[in-house]
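Here are my notes on this one, as numbered points. Have the structure open while you read, and follow the helices first.

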There are 2 protein chains.
Amino acid sequence: MNVYGRGFFRLTYGASICNEQLFNLNVMKTLQNFFDTFGELSSDEKFYLANQFEETHVKKGTPLFEEGEVVDRIYFIGEGILHHFNYNDFGERKTLDLHDGPCFCTDLHSFSEGKRSEESCVALSDSTLYVLTKARYNALINSNIKWSNFVKGIIERTLIKMLDQVKNTANKSLEERYLELVRTKPKIIQNVSLRVIASYLGTSRETLHRIRRRHLVA
Amino acid sequence: MNVYGRGFFRLTYGASICNEQLFNLNVMKTLQNFFDTFGELSSDEKFYLANQFEETHVKKGTPLFEEGEVVDRIYFIGEGILHHFNYNDFGERKTLDLHDGPCFCTDLHSFSEGKRSEESCVALSDSTLYVLTKARYNALINSNIKWSNFVKGIIERTLIKMLDQVKNTANKSLEERYLELVRTKPKIIQNVSLRVIASYLGTSRETLHRIRRRHLVA
DNA sequence: AAAAAACTATGTCAAATGACACACTAACAA
DNA sequence: TTGTTAGTGTGTCATTTGACATAGTTTTTT
């Protein structure tokens with residue numbers, strides 16, 4: 001049994017795809033809107049790109065990938081929250097990220113270099129995901145310089161976001177970061193347990209509880 | 001004084017024409033060796049790519065870029081240590097990274113989106129740098145799918161390194177991370193002041209001093 | 001060489017934190 | 001419904017940390 005306890009089942013591919021037409025429309029809505037934030041693609045191009053992904057719906061508790069596995073796919077989270085974590089040398093579960101859609105999610109190290117992952121990822125809410133396989137990804141970036149640069153742009157933006165997060169951690173106190181989370185990611189506060197949020201912020205559940213209490217009184 | 005500060009000089013093509021051969025050989029040594037770690041380029045390609053960069057030598061204390069400036073270049077550090085930092089809301093200087101060549105260094109947010117930088121970067125030792133301008137960078141990634149994917153690979157690897165660093169911080173104690181630094185980056189330990197290393201590790205100079213003392217006795 | 005500036009070592013002390021402990025609550029499976 | 005498991009709220013206590021203060025050292029500037 002996995003760490004999330006009973007009632008958790010593995011994602012089966014294809015189970016959710018019943019209507020090709022509807023599928024394309026759904027993919028259009030979330031994925032294509034996201035592509036728009038890069039402001040470079042025509043309608044046809046966005047449509048083509050979105051159709052490289054396969055839509056799937058998963059229930060809370062479903063693992064997307066697990067330690068030991070080679071992650072050969074990229075997830076785009078349309079809607080939902082994913083818990084990305086690993087275990088340290090003392091067997092403690094440490095949160096690496098809380099993905100709050102719309103955004104991408106994978107173990108890049110495993111995906112890019114074909115290594116076995118040391119990380120796991122589990123849905124913390126019912127989620128709508130779009131899966132891009134490595135085969136399709138490779139075909140895409142090698143087909144055309146436009147796609148190559150588009151993907152480069154996505155990776156670049158992810159890196160910028162990451163650098164920004166590191167800067168934020170360096171510059172702000174735990175309490176400031178918690179309050180910022182409350183302000184900017186209410187979905188995470190509402191759907192994720194205190195101990196996971198604590199581990200995401202790099203502290204203990206007791207300390208986060210103290211911060212929370214301080215702000216309930218005030 | 002120019003934006004690079006005192007003691008900084010640019011090696012112009014005019015200046016390098018007097019010894020084109022030697023210049024190319026130098027660029028070859030460090031940059032091309034680095035490209036090899038990606039294992040995808042022919043000799044001619046590596047030579048071509050290396051020559052997109054301009055070599056320059058800076059003295060300890062030279063600023064490479066500063067807060068308020070638009071960073072329109074990427075540095076490749078052949079040899080040397082760079083201090084990448086910013087100031088938080090309390091005016092405290094916080095270290096974002098200590099770059100230990102060979103590696104790339106820029107403010108990606110500023111470079112990529114043309115925004116004014118909130119960060120600064122200063123050489124902590126005499127350094128050999130190779131500068132790639134944004135104009136040349138853009139020309140490169142738009143010229144050929146091979147270059148586009150090559151650059152994508154560099155950004156991707158930088159992101160993987162970053163993710164790894166975040167994972168490391170989440171999973172290890174301050175003391176473990178300090179000892180790892182001693183083991184893996186002796187140049188940083190030897191050349192960087194205690195307070196900057198402390199800020200790089202996210203702690204105070206007093207606490208780092210205590211760790212250091214514990215390990216002198218033992 | 002002298003003066004100034006930056007840095008390190010170290011002690012004290014108050015505040016923050018994590019480790020435990022335990023009661024209580026919520027979610028869930030049988 | 002009932003037992004089990006995960007999770008929260010909260011107190012105590014020992015440890016760690018950061019803030020200050022200060023003396024000594026190193027580096028840089030003049």
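1. Start with two helices of chain A. The axes of α4 (residues 134-143) of chain A and α5(A) come within 5 Å and cross at roughly 120°. Axes here are lines fitted to C-alpha atoms, for helices over the stretch in contact, with angles running from 0 to 180 degrees between N-to-C directions. That angle makes α4(A) oblique to α5(A), because angles under 35 degrees count as roughly parallel, over 145 as roughly antiparallel, 65 to 115 as roughly perpendicular and the rest as oblique. Helices (H or I, at least four residues) and strands (E, at least two) are DSSP runs, numbered from the N terminus.

2. Which residues make that contact? From α4(A) they are A:Leu140, A:Ile141 and A:Ser143, and from α5(A) they are A:Trp147, A:Ser148 and A:Val151. Two residues are in contact if their C-beta atoms, placed from the backbone, lie within 7 Å. By class, this contact has 4 nonpolar, 2 polar and no charged residues. Ala, Val, Leu, Ile, Met, Phe, Trp, Tyr, Cys and Pro count as nonpolar, Asp, Glu, Lys and Arg as charged, and the others, Gly among them, as polar.

3. A word on the model and its labels. This is a predicted model: local features need pLDDT of at least 70, side-chain atom pairs count only at pLDDT 80 or more, and totals for chains, interfaces and linings use all residues. Residues are numbered from 1 along each chain as its sequence is written, while chains are lettered from A and ligands numbered from 1 in the order in which they are written.

4. Now chain B, and watch the helix numbers. Here α5 (residues 134-143) and α6 (residues 145-171) of chain B have axes that come within 5 Å and cross at roughly 120°, which makes α5(B) oblique to α6(B). B:Leu140, B:Ile141 and B:Ser143 of α5(B) meet B:Trp147, B:Ser148 and B:Val151 of α6(B).

5. Next, where the chains touch: 25 residues of chain A are in contact with 25 residues of chain B. On the chain A side, β5, α3 (108-113) and α5 each give two or more residues. The largest share, 16 residues, comes from α5(A). That side divides into 12 nonpolar, 9 polar and 4 charged residues.

6. Last, the domains. Chain A is divided into domain 1 (20-171) and domain 2 (172-218), with bounds from an automatic or database domain assignment. Their C-alpha centres lie 25 Å apart. The contact takes 11 residues from domain 1 and 10 residues from domain 2.
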